[in-house]
Amino acid sequence: MSGTVEIIATFAGEEQCVGGIEALRAARAEDFHVFAPIPSEHIEKAIGRRRSPVRAFVLIGGILGVLTGLAITIGTSREWNMVAGGKPIISWPPFIIICFELMILFGGIAAVLSFLLSAQVPAFESLPGYSSRFCGDRFGVAVRCEETEAQKIESILGVAGAEEVRRAQAQPSAAIVDLRDG
Amino acid sequence: MTANSEPVRPAAPRASRGARGFAPLAGNSQRAVLAVLVAAGIAGFAAALERGEAARAWQAYLVNLLFFLGVAQGGVVVAAAFYLTQARWAGAAAFRLAEAFSGFLPLGFLLFWGLYFGRTLIFPWVLHPVAQKAAWLNTPFLFARDGIGLLAMTLLSTWLVRVSRSRRARAWATDSSDIAMPPPAIRRLAPALALAFAAVYSLIAFDLVMSLAPVWHSTLFGAYFFAASFLSALAAMALTAVILRGRLGPANAFTMPKVLHDLGKLVFAFSVFWIYLLFAQYIVIWYGDIPVETFFIVQRVYYAPWAPLSYAAVILIFVVPFVVLLGARPKRTPPILGAVAAGVLAGIWLERYVLVVPSLSQHVVPFGWIELLISLGFLGGFVLCVITGLNMAAAAARWELPAEGH
């Protein structure tokens, strides 16, 4: 990994940052991550982020919840064959409530867990290139590229309106998390 | 209608030349067709009385009165809700659209008094008083309390609509970058109207629907009834937006996908709320299993001829909107949204029919030319009353576009 460098560009505003991301992607430099002090729809769009997988896990959790609800209600009713109020052993109206509540519960838990997993939080080490300003009033873009490419990337970021472009030696790649997957 | 039909045309800043005479729905031929419908309705009503079918005529009258009054009043409450939540996602157009139906309120108030002449055929307790409830269910008290309630609603609604159509309120609704609150009169009227709606329409539900089966009672029924009215207004708004979008030229508020998307979300949300309230009543009655409570449900849900109609209503009001409008794309596709909204409206009409008629006609579904003509007459009268409001909504959609955003 000797030939890899990390270029960190700082942007004053969301629009410039979006411009920088678009310029990078136009130049086929896709190995970057973005730091933003605010959640930004435009930046997400510019990154071309995939749809979050959390939604699929919520659906699975919800379906599992309904099935669990049916299993609990029907199972206990059959195990405990007791006629109450002249109603059938398996009376569905109150079962709906149990199934509904378990659907919400399982769906909610699935949402939280799958969010934590897919966002890889909690993270105890900050990403390379992070600066506390990126939680304040600045946007940052950190690009990993070959040393030979670095000059070109730096000029692209500069043209896009970066306030400051600096170069850092890249750290071992295993520690770097690509935000686009989260 | 007098107060509402004032020419408060939006003097659109960007295109003042066209705004004043802009009335895509006011053609004389359209009005003539509507007038023919009204005449057919009146003729059908008279013919039914003539042929000794007075009971059916009055049932159809009550069903349609409840339905159209619900749409008209629900619409004003939707506008009040938009003010309470400071909803400016569709600019002034959403407010004009919600208020458009209020033109029917004065007529609806008059038609309510028509029930007085059919009281012996509509209310079983007029001829056979229920001893324990006589203090509440008697003719003078019922018409006095409901008449006062509806009068108050009509006045409050007319007042809100009038303020809401003022230049200041329109400017507020169009400019969502202005974080100021709505005009002061609206800040006082909107919550008052919302609370009064809950109270008066609960009363209407208890008096004009529940009392048709005078021994039956359900505490939640009032809330269920006014929530359905609110939903019917939202569905009518979505349907109207879909109908209007093609008639207003290339760029208007209703061609913006986000506006249709939001209307679709509202229909979806309140359709879920409707089934929630329905189930909340059902489960309590089911658990209790007391004959005096269950007979109302049993008759409608378990036995022919009413059971298929009840299921059809649930499918139209809940199942179809839930399945179809779950995703974002169907909400943004005008024909799909329009069809679902029309289905919800048909479903709520059917629901009112199933709530009212089985109490009076237990084993037969009375539906024929009498019901059809009277319903068409109501529809014609309703559209005639709201056409001015719809033209204002069209003008707002055309010239008072919301700011681009989300």
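Helices here are DSSP runs of H or I at least four residues long, numbered from the N terminus. With that in hand, B:P305 turns up in the loop between helix 13 (291-301) and helix 14 of chain B. Keep in mind that this is a predicted model.

**Where the chains meet**
- On the chain B side, six residues are in contact with seven residues of chain A.
- Together the two chains bury about 640 Å², and 76% of that sits on carbon and sulfur atoms.
- Across this interface the rule picks up one salt bridge. The side chains involved are those of A:K87 and B:D289, at 3.7 Å from N to O, which passes because the cut-off is within 4 Å.
- As for residue classes, the side of chain B that touches chain A has five nonpolar residues, one charged residue and no polar ones.
- Two residue pairs are in polar contact across the interface of chain B and chain A, both at pLDDT 80 or more.

**The nonpolar patch on chain B**
- A nonpolar surface patch of about 720 Å² is built from B:Y311, B:I315, B:V319, B:V320, B:F322, B:V323, B:V324, B:L326 and B:I336.
- Helix 14 of chain B, residues 306-324, gives the most to this patch, with seven residues.
- B:F322, for one, lies in helix 14 and is part of the patch.

- Going from B:A304 to B:P305, the peptide bond is cis, with omega near 0 degrees.
- A:P122 belongs to the loop between helix 4 (92-119) and strand 3 (139-146) of chain A.
- A:R28 isn't a glycine, yet its phi is positive, near 60 degrees. Look for A:R28 in the loop between helix 1 (14-26) and strand 2 (32-35) of chain A.

**Salt bridges overall**
- Side chains of opposite charge can pair when their charged atoms come close.
- Over all chains, the rule counts 16 salt bridges.
- One to look at is within chain A, where the side chains of A:E164 and A:R133 meet at 3.7 Å, N to O. This pair ties together distant parts of the chain, 31 residues apart: A:E164 is in strand 4 (residues 164-169), while A:R133 is in the loop between helix 4 and strand 3.

Notes: Residues numbered from 1 in each chain as written. Chains lettered and ligands numbered in written order. Predicted model: local features only at pLDDT ≥ 70, side-chain atom pairs only at ≥ 80, totals over all residues. Heavy atoms only, no water. Contact = heavy atoms within 4.5 Å. Buried area = accessible area lost by both parts, 1.4 Å probe. Polar contact = N/O pair within 3.5 Å; in protein donor to acceptor, adjacent residues only side chain to side chain. Nonpolar A, V, L, I, M, F, W, Y, C, P; charged D, E, K, R; others polar. Patch = residues over 30% accessible without salt bridge, like charges linked within 9 Å, V, L, I, M, F, W, Y side chains within 5 Å. Areas by Shrake-Rupley, 256 points an atom, 1.4 Å probe, with all protein chains shown as cover. Helix = DSSP H or I, 4+ residues; strand = E, 2+ residues; numbered from the N terminus.
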